[in-house]
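User: I'm new to this one and would like to go through it slowly. Could you take my questions as they come?

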Amino acid sequence: AYITKEAIPATTTDGPVAYAPGLPAIVDNDTVAIRVDVQHKKITVAEGVSFWAWTFGDSVPGPVLRVRVGQIVKFTMFNRSGLTAEVSPPMPHSIDFHAAMVDPHDKYRSINPGEALHFQFTANYPGVFMYHCGTPVILQHMISGMTGMIIVEPKNGFPGKVDKEFTIVQNEFYLKQNDSMYETDVNSARNRQPMFVTFNGKYKQYVQSPLEVKAGDRVRLYILNAGANLTSSFHVVGTIFDKVWLDGNPHNELRGMQTVELGSSNGAIVEFVVPEKGTYAFVDHSFASVEQGAIGLIEAK
Amino acid sequence: AYITKEAIPATTTDGPVAYAPGLPAIVDNDTVAIRVDVQHKKITVAEGVSFWAWTFGDSVPGPVLRVRVGQIVKFTMFNRSGLTAEVSPPMPHSIDFHAAMVDPHDKYRSINPGEALHFQFTANYPGVFMYHCGTPVILQHMISGMTGMIIVEPKNGFPGKVDKEFTIVQNEFYLKQNDSMYETDVNSARNRQPMFVTFNGKYKQYVQSPLEVKAGDRVRLYILNAGANLTSSFHVVGTIFDKVWLDGNPHNELRGMQTVELGSSNGAIVEFVVPEKGTYAFVDHSFASVEQGAIGLIEAK
Amino acid sequence: AYITKEAIPATTTDGPVAYAPGLPAIVDNDTVAIRVDVQHKKITVAEGVSFWAWTFGDSVPGPVLRVRVGQIVKFTMFNRSGLTAEVSPPMPHSIDFHAAMVDPHDKYRSINPGEALHFQFTANYPGVFMYHCGTPVILQHMISGMTGMIIVEPKNGFPGKVDKEFTIVQNEFYLKQNDSMYETDVNSARNRQPMFVTFNGKYKQYVQSPLEVKAGDRVRLYILNAGANLTSSFHVVGTIFDKVWLDGNPHNELRGMQTVELGSSNGAIVEFVVPEKGTYAFVDHSFASVEQGAIGLIEAK
Ligand SMILES: [Cu+2]
Ligand SMILES: [Cu+2]
Ligand SMILES: [Cu+2]
Ligand SMILES: [Cu+2]
Ligand SMILES: [Cu+2]
Ligand SMILES: [Cu+2]
Ligand code: NA
Ligand code: NA
Ligand code: NA
Ligand code: NA
Ligand code: NA
Ligand code: NA
Ligand SMILES: [Zn+2]
Ligand SMILES: [Zn+2]
Ligand SMILES: [Zn+2]
Ligand SMILES: [Zn+2]
Ligand SMILES: [Zn+2]
Ligand SMILES: [Zn+2]
Ligand SMILES: [Zn+2]
Ligand SMILES: [Zn+2]
Ligand SMILES: [Zn+2]
């Protein structure tokens with residue numbers, strides 16, 4: 001890895017990235033350039049609950065990345081936290097890709113505000129992987145929002161044809177009130193007592209705006225439990241997962257599953273058929289998590 | 001689904017149902033009629049600890065149901081909660097079968113006291129599935145007792161011959177004292193801090209009355225972690241699971257397991273041989289759960 | 001099993017035992033004699049944090065044992081707790097091997113201070129198994145330090161060749177201060193709120209003294225989550241597990257995993273290649289556990 005000082009770009013990302021529940025298009029090359037910058041940004045988790053998050057790209061969780069087995073990923077990250085110094089103290093950040101096999105001491109190093117980090121890795125294994133900031137105190141960086149999903153497709157894509165695909169990252173928010181804003185609360189994070197548990201970063205957002213499918217569709221979900229602490233018992237009401245690929249690797253197939261248990265930083269691909277028109281909820285079947293926000297709807301027309 | 005108003009039957013269930021640790025006989029037809037009513041009923045969890053539960057059938061957890069892949073299940077549920085209005089406020093309830101593939105918005109609708117719900121589904125996948133009330137606040141309905149197990153057998157039954165079979169549902173109780181009775185406590189449920197964790201609904205009941213087998217028996221357990229929140233690390237002291245079928249599907253086989261980790265709403269079938277005469281404890285190997293009641297005995301003569 | 005009263009031996013163990021992260025040599029016989037005694041001993045978990053632990057052998061967790069499928073294990077355990085009566089009340093103890101198939105009522109009986117327990121078992125299944133004291137209150141005995149790992153190799157050893165092997169036991173400490181010492185705290189154990197979560201019993205010990213490997217090495221870790229309560233989301237930063245064998249049985253293979261979720265008392269064998277020179281952290285990716293000590297380093301020269 002090497003560090004440079006360059007003019008900060010206008011946008012916070014570049015390359016095959018998208019915001020969940022979408023998937024980025026895949027780049028059909030031997031190498032793929034991806035840039036995901038770090039910034040400090042005010043994020044709203046639920047109505048009336050905002051805090052100064054530390055984000056990859058523009059959201060919590062960060063953007064979904066998508067590459068292919070065998071591709072060389074040329075990665076760049078600017079630390080933009082100096083741009084918001086008047087509202088949030090700038091600080092070093094880093095990035096750790098679970099999809100990479102590299103020396104963390106080198107590639108996952110922390111960079112200062114104003115610096116840009118550059119390294120490359122080859123994606124060796126297909127799957128749904130986590131990325132996150134690895135700068136100490138890591139727990140603090142993770143609960144501040146610095147997590148996301150990178151999908152690595154097999155060389156010929158994931159086997160089987162599906163009608164709809166969505167990406168869903170579950171994570172916990174540990175917050176406490178501070179005047180009209182909220183701030184992260186390391187104490188409740190150490191006690192594993194979240195204030196919110198969300199899909200793609202917003203309390204019950206897909207109850208308000210369901211994911212849309214058609215009756216009879218085969219649906220594939222790329223899911224990641226970004227933690228920082230709890231397991232997720234991911235379940236879709238009204239259907240059964242005919243395939244579950246643990247950590248997103250087709251070799252790790254379970255069939256006919258009602259629920260998939262994901263450890264903190266486990267991913268999965270789940271597929272199911274939508275049996276008829278209707279409204280199908282997806283939840284973390286630890287129902288305390290549902291109360292804390294981990295519920296969404298899939299509307300089948 | 002459709003709703004009717006009819007005379008409430010004398011009994012609370014009909015069809016292939018049994019109370020755990022038993023298994024119902026299977027009905028050998030293309031269709032099978034099952035009725036499980038909802039009532040409000042005083043339930044005793046441990047000595048001196050009773051509360052007004054909301055139950056399927058007559059117990060917490062509800063009765064075990066058993067059907068076969070390909071069968072059409074014609075299901076009926078009366079909401080009998082009006083019958084105990086003087087001691088427990090009547091209210092709407094519903095039922096969600098993890099074994100079904102249907103529109104939840106239609107089939108899993110809430111019905112009022114005095115109403116009867118009717119719908120049907122086809123059992124597509126073999127396994128050990130959860131059912132539960134899905135009426136908001138779902139967490140409240142689940143911790144009030146509204147969970148149970150439905151077994152779906154493969155068309156030719158589960159492979160292999162066993163000598164003894166039992167059903168075991170683990171669930172958590174979140175209670176607080178209110179005069180001489182107890183009542184459910186949503187706060188401790190949200191904090192994932194149970195008062196009791198039990199097998200088939202009663203604190204250490206199988207320490208008092210062990211399950212009975214013979215030395216040399218091959219034993220099959222149908223187990224379900226009904227939550228509402230925690231994982232279960234199910235273990236039998238003194239033997240090893242030679243087969244574990246995750247969510248009860250023979251395709252998902254693990255071998256030689258000491259412990260099976262079940263997410264909230266995961267089931268499993270485990271098989272083991274009883275090596276010699278003796279007393280074998282079964283536990284949730286999260287030992288806080290054992291202190292809270294999740295221990296039983298198997299006595300081998 | 002039978003109990004004797006004999007002179008207490010000079011050392012606390014005999015046979016194929018080693019202290020983690022090491023592995024004992026395997027004995028190449030049809031039978032193997034192993035002795036692991038119980039004692040009460042002052043143990044230091046972190047700087048300034050010592051308590052009177054109840055230990056197998058000389059450490060918390062106890063020594064790693066290693067046998068082979070088909071071997072008859074002739075086991076002996078002295079209860080040495082009477083030797084430290086002036087500082088820690090002597091008491092009965094026992095041992096429960098998850099690798100054995102025996103009547104717990106007989107073999108896992110409690111013995112008094114000054115007694116020696118003798119029993120034998122055949123190791124039937126390959127794997128990474130837990131052993132622990134099973135004397136009530138078991139939760140108290142487990143959090144006092146009475147847990148360890150026993151490895152059972154297939155008859156021809158575990159398949160595949162590796163360059164380096166280490167053993168890692170994760171466990172939780174539930175302590176509270178008592179003057180200049182600490183003591184176990186059953187209350188926080190019942191609430192599943194540990195003070196420390198460690199690898200091989202010492203807070204962040206492998207951050208101070210990393211495990212040493214070479215770039216390009218294929219590394220095999222024998223891991224055990226001894227609990228007593230939480231799951232472990234075991235992960236190595238900078239690489240991917242190309243093989244995971246759940247509970248250490250090669251039939252239960254997952255591939256290309258970023259993280260393996262271990263229930264309380266689940267083991268696993270994980271293998272990975274060290275891609276280049278560098279420093280690779282291993283963690284419980286529930287990051288509260290990292291704050292509580294569950295982080296170590298692997299240094300690749
Ligand atoms: Cu950071
Ligand atoms: Cu459900
Ligand atoms: Cu209900
Ligand atoms: Cu045990
Ligand atoms: Cu003991
Ligand atoms: Cu990580
Ligand atoms: Na959970
Ligand atoms: Na479902
Ligand atoms: Na648990
Ligand atoms: Na056992
Ligand atoms: Na955990
Ligand atoms: Na990694
Ligand atoms: Zn540059
Ligand atoms: Zn492959
Ligand atoms: Zn609908
Ligand atoms: Zn009717
Ligand atoms: Zn099949
Ligand atoms: Zn006995
Ligand atoms: Zn002797
Ligand atoms: Zn084999
Ligand atoms: Zn380095």
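User: How many salt bridges are there between chain C and chain A?

Analyst: The count between chain C and chain A is two salt bridges, a salt bridge being a side-chain nitrogen of Lys or Arg within 4 Å of a carboxyl oxygen of Asp or Glu. Arg190(A) forms a salt bridge with Glu291(C), and their closest N and O atoms are 4.0 Å apart. Please keep in mind that this is a predicted model, in which local features need pLDDT of at least 70 and side-chain atom pairs count only at pLDDT 80 or more, while totals for chains, interfaces and linings use all residues. Residues are numbered from 1 along each chain as its sequence is written, chains are lettered from A and ligands numbered from 1 in the order in which they are written, and side-chain values use heavy atoms, with hydrogens and water left out.

User: And how many residues are in contact there?

Analyst: On the chain C side 34 residues are in contact with 38 residues of chain A, where contact means heavy atoms within 4.5 Å. The residues of chain C that touch chain A divide into 12 nonpolar, 15 polar and seven charged; Ala, Val, Leu, Ile, Met, Phe, Trp, Tyr, Cys and Pro count as nonpolar, Asp, Glu, Lys and Arg as charged, and the others, Gly among them, as polar.

User: What area is buried, and which residues of chain C lose the most?

Analyst: About 2900 Å² is buried between chain C and chain A, with carbon and sulfur atoms giving 51% of it; buried area is the accessible area (1.4 Å probe) that two parts lose on being put together, summed over both. In chain C, Ile240(C), Gln258(C) and Phe287(C) lose the most area to chain A, together 22% of what that side buries.

User: Changing topic, how does chain C superpose on chain B?

Analyst: A rotation of 120° with 0.0 Å of shift along its axis superposes chain C on chain B, at an RMSD of 0.0 Å, with copies superposed by least squares on the C-alpha atoms of residues with pLDDT of at least 70 in both. That is the relation of a three-fold axis.

User: Do the copies meet through the same or different surfaces?

Analyst: They meet through different surfaces, because only 5% of the interface residues of chain C are also interface residues in chain B.
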